[in-house]
Amino acid sequence: MKNSGHEMGKKPKLLLIGWDAADWKVIDPLLKAGKMPALQRLLNNGVRGNIATLNPVLSPMLWTSIATGKRAYDHGIHGFVEADKATGEISPVRATTRKVKPMWSILNEAGYKTNVVNWWPSHPAEKVNGVCVSNHFHKSAPAFGKDWPLDEASVFPADYYKELKELRLHPAELTLAHVLPFIPAAAELDPENDKVLKPFLRVLTHCCSVHNAATYLMEETEWDFMGVYFEAIDHFSHLAMKYHPPKLDDINDEDFEKYKGIVEGSYIFHDMMLDRMLDLAGEDCNVMIVSDHGFESGNLRQIELPDVEAAPALEHRQFGVFVAAGPDIKQSEIYGASLLDVAPTVLHHFGLPIGEDMEGQVLQSIFRNTEPVGEIPSWEDTASRPEFMEESIASSEEMLSQLQDLGYINLDQSDKLKYVDSELTYNLCVSYLDGNKPKKAKEVLEPDFLKNGELRYGMLLAQAYLKLGDFTSLSSHLDKMEQNFVGQGGVHFLRGMLYLQQSEHEKALQHFFDMESRGLKSSQLYNEIARTFLITQNYRAAREYFNRSLALDGENAVAISGKAQCALEEANPEEAILLAEQSLALQFYQPNTHFILAQAAQALNEEEVAKKAVRLCLSQAPKHGPALQLFNKLENRQAVEHKDEVIVVSGFPRSGTSMLMNMLDKGGVPLFVDNERVEDESNPEGYFEHELVKNLGRKNDWMPKARGKAIKVVSLLLRYLPSSEAYKVIWVKRPLTEVLLSQEVMLGRKKEEVMQNFPFQKAVDMQKEEERMKSWLEMQPNIRVLEVEYYDCISDTNLVINEIEHFVGHSIDKQNALSAINKKLHRNKLGNY
């Protein structure tokens, strides 16, 4: 064997194996039963974890992102097919369409030998420093005995063409012995006509052919990096996951018995192939196994797919598997990995710098030795560019037919060029939105939606407006959508999202509940209902709907983070930490979840944990204002303060905030008010409000105008104070029973009626909210708080004025301020004051 051992000082080899759609939910029961011993051997001394996919969840785009560390809008692969506008030819997507370098090209530049087998897409074969076998290596086989051509562009260098061509396996070469472990009833089925057996044979032989080529090259060539991609788990799952145990109600007993072992058998078979590859790689080789996404295997499995483009992607789950083991890898679990992290990690393994234009990061925690990560502006700026073989067989009909049979494309169109252009443009815009580039998506979507008026384009454009915060355009756009697509649930949902962003919470809930009443069960819907309740501080209801979301998808990171926020607001930092860590283990790129973790750790005086969490938040969102403030506080740095702080008078409605604003006004403190709300019977001296405050949750860029002035902000809106300002909050504390009594009377009820049927539960809930608010205020590094008692304002006014004068740093005309106190207005009181 030519590749055993490695030279002194040379980096160990790396074997990267791609298992399309591999999922821990299927793997773990097999590991427990001892049915995947080769994988277990790796896990015993290596790293395991989830790896987050990207959107859209389409394999050619994802595996190119794995190879390059870049999203589709950068690497240029936007779907399964492409079109030559000059000739009108439609073909499977080619490697030559890729606009950036894959990791093996970069390794070649550094002098490393690389073998690449079956990567998607990798045809025509790239002229690597090693061997490249393209993903056209095993096209659908003709009838047994007939000529089975192989495009010469499928193999580089040509020296290996003849040997590799002979290693392809024809379905007719399989015997019952090969099939029975998967389908015990195979002898009773017709291999030419059975709806499952025929495509099963094609997938199995394709898989075997890839394995044959890979193991041949591992044994017969020298290599430093070996990348092998197997799509069979994904194809087997699309074919037979609906028959996988436990049995679904809509699957008949006969079919279940015939096909229930296919998915399990496919994983066991991949473990058998892995065992052979590990033996060939040797103990001095580092190994990584990656899947681009998972596959639904529980109650969310679909019996029949809807008639939409790329419908099979609906069966995918957002988390795939990541495994690493070898001499350089330590035993641990990894959290929050992304497909974008694979290429940077491979380059770092070989001691190469990472391109600053790569969106992923090095998974440093998997390595025994934590060497510093080097950086280079871009590998695209170096002189070397990938070169490819020239194709000798132009026809791609067989592969196009296979993609159509799988449901990924639909070429039964009168204008195929228009269809393909539409598909690729749509996928590009999904990638823009997934990569948080809504402006780019909008620039493409606006003219395209005007041109074709497709619902799916309209929905994406609405999401772009939503992410951009362009609510005027979104509202106008939804008006048109509601006219053109009457009764469309997605449009109705987005209208609810718009209301939510505009702080019209009741209207938002009305839309969301309407969709729920129509029978829609969706994690996204439940998350938005929960988020609305969270914003309005109804934490009990928020938890209920986050739990509903998790009942559908137990690994929904958004719902788990939402529960962490609830726990933090309810002054339960221990639970908040556990939930935040659980969410981040699933999806690491969540700046606000890191911030939740930091706040909870700070509340428990776990300063080092808080510092680490807030740094991670800022590394992902450098402009996260509250995190910056907390960082300054934790690092004992002087927070950047404006010359004039904003004086905020706050408390529950009817707690005496208007009275205090009147005191400040008469005492000479400038106010930020517009007096649009005039005095009335409830507040005969006036409300001292500004209309802008009502929309603080969605627009707060006016706040600098309030510097050095006093502004009234009710308790519910305090959380929306922009963190870019510094505040002095004067909290007016009044007995909550009196606050509730005053509120009820203001709403038109008589005092006697209220006292006879007093809302004690509201009082309890309000007390909890007051405790949560005080806890939140204490954690804000840009806010200082002075609490004044309502009764002290009335009975010991001089003392209160002195405290306020010292707190706000502004001289107060005490005599005039005293004139603001009118004891006759203390009408809704308890006792005999």
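Is the crossing of helix 17 and helix 18 left-handed or right-handed? The crossing is left-handed, a term for a near helix turned anticlockwise from the far one by less than a right angle, with clockwise giving right-handed. This is a predicted model, in which local features need pLDDT of at least 70, side-chain atom pairs count only at pLDDT 80 or more, and totals for chains, interfaces and linings use all residues. Residues are numbered from 1 along each chain as its sequence is written, and side-chain values use heavy atoms, with hydrogens and water left out. Helices (H or I, at least four residues) and strands (E, at least two) are DSSP runs, numbered from the N terminus.

**Helix pairs**

- Two packed helices are described by the angle between their axes and the distance between the axes.
- Helix 17 (residues 471–484) packs against helix 18 (residues 489–501) at about 155°, and their axes are 10 Å apart; axes are lines fitted to C-alpha atoms, for helices over the stretch in contact, and angles run from 0 to 180 degrees between N-to-C directions.
- That makes helix 17 roughly antiparallel to helix 18 (angles under 35 degrees count as roughly parallel, over 145 as roughly antiparallel, 65 to 115 as roughly perpendicular and the rest as oblique).
- On the helix 17 side, Phe471, Leu474, Ser475, Leu478, Asp479, Met481 and Glu482 meet Val491, Leu494, Arg495, Leu498 and Gln501 of helix 18, where contact means heavy atoms within 4.5 Å.
- The residues of this contact between helix 17 and helix 18 comprise seven nonpolar, two polar and three charged (Ala, Val, Leu, Ile, Met, Phe, Trp, Tyr, Cys and Pro count as nonpolar, Asp, Glu, Lys and Arg as charged, and the others, Gly among them, as polar).
- Helix 8 (residues 197–220) and helix 9 (residues 232–240) pack at about 170°, with axes 10 Å apart, which makes helix 8 roughly antiparallel to helix 9.
- Pro199, Phe200, Val203, Leu204 and Cys207 of helix 8 meet Ala232, His235, Phe236 and Leu239 of helix 9; by class, the contact of helix 8 with helix 9 has eight nonpolar, one polar and no charged residues.

- Four strands form an open sheet with parallel pairing, in the order 17-16-18-19; two strands pair if DSSP finds at least two bridges between them.
- Strand 17 (710–712) and strand 19 (783–789) are at the edges with a single partner strand each, so one side of each is left without a neighbour in the sheet.
- Neighbouring strands of this sheet are turned by 25° against each other on average, direction ignored.
- Strand 16 (residues 646–650) runs parallel to strand 18 (residues 727–733), and five bridges join them.
- Val649 has Ile730 in strand 18 as its bridge partner, and Val648 stands opposite Val729 in strand 18.
- Strand 18 and strand 19 also run parallel, joined by seven bridges; the bridge partner of Tyr727 in strand 19 is Ile783.
- Six of the seven residues of strand 18 are buried (buried means under 20% relative accessible area, exposed over 50%, partly exposed in between, with a 1.4 Å probe and protein chains only).
- Helix 30 (residues 760–778) lies across strand 18 and strand 19, at about 160° to strand 18.
- Helix 32 (residues 797–808) lies across strand 16, strand 18 and strand 19, at about 175° to strand 19.

- Nine strands form an open sheet of mixed pairing in the order 7-6-5-8-1-9-12-2-13, and its edge strands, strand 7 (155–156) and strand 13 (332–338), each pair on one side only.
- Six bridges pair strand 1 (residues 14–19) with strand 8 (residues 225–230) in the parallel sense; Trp19 has Phe230 in strand 8 as its bridge partner.
- Asn50 lies in strand 2 (residues 47–52) and counts as buried at 14% relative accessibility.
- Not counting residues up to four places away in sequence, Asn50 touches Trp24, Phe319, Gly320, Ile334, Ala337, Glu555 and Leu586.

**Backbone exceptions**

- Most residues other than glycine have a negative phi, and most peptide bonds are trans.
- His123 and Pro124 are joined by a cis peptide bond with omega of about 0°; Pro124 lies in the loop between strand 5 (114–117) and strand 6 (130–133).
- Pro245 and Pro246 are also joined by a cis peptide bond, with omega of about 0°, and Pro246 is in the loop between helix 9 and helix 10 (253–259).
- Asn436, not a glycine, has a positive phi of about 60°; Asn436 lies in the loop between helix 14 (416–434) and helix 15 (438–452) and is exposed, with a relative accessible area of 57%.
- Phe688, not a glycine, has a positive phi of about 55°; Phe688 is in the loop between helix 27 (657–667) and strand 17 and is buried, with a relative accessible area of 9%.
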